[in-house]
Amino acid sequence: TRVGAVCSSELVLLNPEDDVADAVALIELRAIRRIPVVQDATPVGVVTLGDVSLETGERSVLADVSAAPPNI
């Protein structure tokens, strides 16, 4: 199976200057878990449901995972 066959086709993107509230609204409205962050057509990061949980102070397993150091 090719990645193109299983990837999302309607992309939702954020800009680094967008507010966390914008990310929360998109996550709730579109029922998604990850949103690419793009600046000048260049991907610069990904906001996840866990990241938003950390920022808003909600305690959850997703927030705990997001707070853990990255795997290297």
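How much space lies in the largest pocket? About 210 Å³ lies there, where a pocket is defined on a 1 Å grid over the protein atoms alone as an open set of points where a 1.4 Å probe fits, with protein on both sides within 12 Å along at least five of seven lines, and where a volume is the space filled by probe spheres set on the points, with grid points joined across faces, edges and corners. The model is a predicted one, in which local features need pLDDT of at least 70 and side-chain atom pairs count only at pLDDT 80 or more, while totals for chains, interfaces and linings use all residues. Residues are numbered from 1 along each chain as its sequence is written, and side-chain values use heavy atoms, with hydrogens and water left out.

**Overall fold and surface**

- The protein chain has 4 helices and 2 strands, taken as DSSP runs numbered from the N terminus (H or I of at least four residues for helices, E of at least two for strands), and along the sequence they follow the pattern α-α-β-β-α-α.
- Of the 72 residues in the protein chain, 17% are buried, where buried means under 20% relative accessible area, exposed means over 50% and partly exposed lies in between, with a 1.4 Å probe and protein chains only.
- The accessible surface of the protein chain comes to about 5700 Å², of which 54% belongs to carbon and sulfur atoms, with areas from the Shrake-Rupley method and a 1.4 Å probe.
- Among contacts in the protein chain with a separation of 6 or more, 18% join residues 24 or more positions apart, a contact being heavy atoms within 4.5 Å.

**Lining of the largest pocket**

- The lining consists of Cys 7, Ser 8, Glu 10, Leu 11, Val 12, Ile 32, Arg 34, Ile 35, Pro 36 and Val 46, each of which has an atom within 4 Å of a point.
- Strand β1, which covers residues 34–39, gives the most to this lining, with 3 residues.
- By class, the lining has 7 nonpolar, 1 polar and 2 charged residues, where Ala, Val, Leu, Ile, Met, Phe, Trp, Tyr, Cys and Pro count as nonpolar, Asp, Glu, Lys and Arg as charged, and the others, Gly among them, as polar.

**Nonpolar core**

- The largest nonpolar core has 9 residues, namely Val 12, Leu 14, Ala 23, Leu 26, Ile 27, Ile 35, Val 37, Val 47 and Val 52, such a core being a set of buried Ala, Val, Leu, Ile, Met, Phe, Trp, Tyr and Cys residues joined through side-chain atoms within 4.5 Å.
- Helix α2 (20–30) and β1 each supply at least two residues of this core, and α2 gives the most, with 3 residues.
- Leaving aside residues up to four places away in sequence, Val 37 touches several residues, including Leu 14, Pro 16, Val 44 and Val 47.

**Individual residues**

- Gly 50 has its place in helix α3, residues 49–56, and counts as buried because its relative accessibility is 3%.
- Asp 40 lies in the loop between β1 and β2 (42–48), has a positive phi of about 55 degrees although it is not a glycine, and counts as exposed at 72% relative accessibility.
- Ala 41 is found in the loop between β1 and β2, with a positive phi near 65 degrees in a residue other than glycine, and is exposed, with a relative accessible area of 73%.
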